[in-house]
Amino acid sequence: FDAVLCQQGLQFFPDRAAALREMRRVLKASGRVAIAVWAELERNQIYAAFHAALHATAPSELAELITAPFSWPSGATLKAAAEDAGFRQVRLMTRSLPMVLEGGLEQAVRAFAGTPTSPGVAALPQDVQDAFFAHLRREMGQLLKDGKVIGEMTSNMIVGNC
């Protein structure tokens, strides 16, 4: 192949090093790789708020489930792993963009339904659900600006050559 693109997926592979080696193996000698993974949870404010509300009110396994997309340790670790897999001239970029929930707190609460933890929260006793959503509103309230919930979302990206 001339190029491999892996956008927001590598963090879910059970053997990340093997996945990177396989990406390198299938590329032509002149091939390029581009990979993006979410940065640490703390650098992704909307999901950090989801996690904080879960951590404060729900069983720990639910709170930890939402951290999976943000499980790559750092951009430097991603770069080093790509180099270890045989990629050369690896460039690391970290970019942040705002995630804007125009509907304010209620849209932020509804956005939680799109997470893998939502069914687990729905299965909890009603009083725990109520406590979770109250805590979530408080967490999201810290991101409220001009009636919108705005949180930075940050990704680490690498581009490398064979």
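Leu 54 is located in helix 2, which covers residues 45–57, where helices (H or I, at least four residues) and strands (E, at least two) are DSSP runs numbered from the N terminus. The model is a predicted one, in which local features need pLDDT of at least 70 and side-chain atom pairs count only at pLDDT 80 or more, whereas totals for chains, interfaces and linings use all residues. Residues are numbered from 1 along each chain as its sequence is written, and side-chain values use heavy atoms, with hydrogens and water left out.

With a relative accessible area of 0%, Leu 54 is buried; buried denotes under 20% relative accessible area, exposed over 50%, and partly exposed the range in between (1.4 Å probe, protein chains only). When residues up to four places away in sequence are not counted, Leu 54 touches Leu 62, Ala 63, Ile 66, Phe 112, Thr 117, Val 121 and Phe 132, a contact being defined by heavy atoms within 4.5 Å.

Phe 112, itself among the residues touched by Leu 54, is placed in the loop between helix 5 and helix 6 (118–122). Its relative accessible area is 1%, so Phe 112 is likewise classed as buried. Again leaving aside residues up to four places away in sequence, the contacts of Phe 112 are with Phe 50, Leu 54, Ile 66, Thr 117, Ser 118, Val 121, Phe 132, Phe 133 and Leu 136. For Phe 112 and Phe 133, which are 21 residues apart along the chain, the C-alpha separation is 9.6 Å.

Phe 133 and Leu 136 also take part in the contact between helix 5 and helix 7. The axes of helix 5 (residues 104–111) and helix 7 (residues 126–141) come within 10 Å of each other and cross at roughly 125 degrees, the axes being lines fitted to C-alpha atoms over the stretch in contact, with angles running from 0 to 180 degrees between N-to-C directions. Helix 5 is therefore oblique to helix 7, given that angles under 35 degrees count as roughly parallel, over 145 as roughly antiparallel, 65 to 115 as roughly perpendicular and the rest as oblique. On the side of helix 5 the contact is made by Leu 105, Glu 106, Ala 108 and Val 109, and on the side of helix 7 by Phe 133, Leu 136, Arg 137, Met 140 and Gly 141. These residues divide into six nonpolar, one polar and two charged, where Ala, Val, Leu, Ile, Met, Phe, Trp, Tyr, Cys and Pro count as nonpolar, Asp, Glu, Lys and Arg as charged, and the others, Gly among them, as polar.

Across the whole structure, a search finds six salt bridges, each defined as a side-chain nitrogen of Lys or Arg within 4 Å of a carboxyl oxygen of Asp or Glu. One of them joins Lys 28 and Asp 2, with an N to O distance of 2.9 Å. This pair links distant parts of the chain, since Lys 28 is in the loop between helix 1 (16–26) and strand 2 (32–38) and Asp 2 is in the segment before strand 1 (3–7), 26 residues apart. Lys 28 is partly exposed at 44% relative accessible area, while Asp 2 counts as exposed at 51%. A further salt bridge is formed by Arg 25 and Glu 22, whose closest N and O atoms are 2.6 Å apart; because the two residues are three positions apart in helix 1, about one helical turn separates them. Arg 25 is exposed at 57% relative accessibility, and Glu 22 is partly exposed at 38%. In the salt bridge of Glu 40 with Arg 43, the closest N and O atoms are 3.8 Å apart, with Glu 40 counting as buried at 18% and Arg 43 as partly exposed at 38%.

The protein chain contains seven helices and five strands, which run in the order β-α-β-α-α-α-β-α-α-α-β-β from the N terminus on. Of its 162 residues, 43% count as buried.
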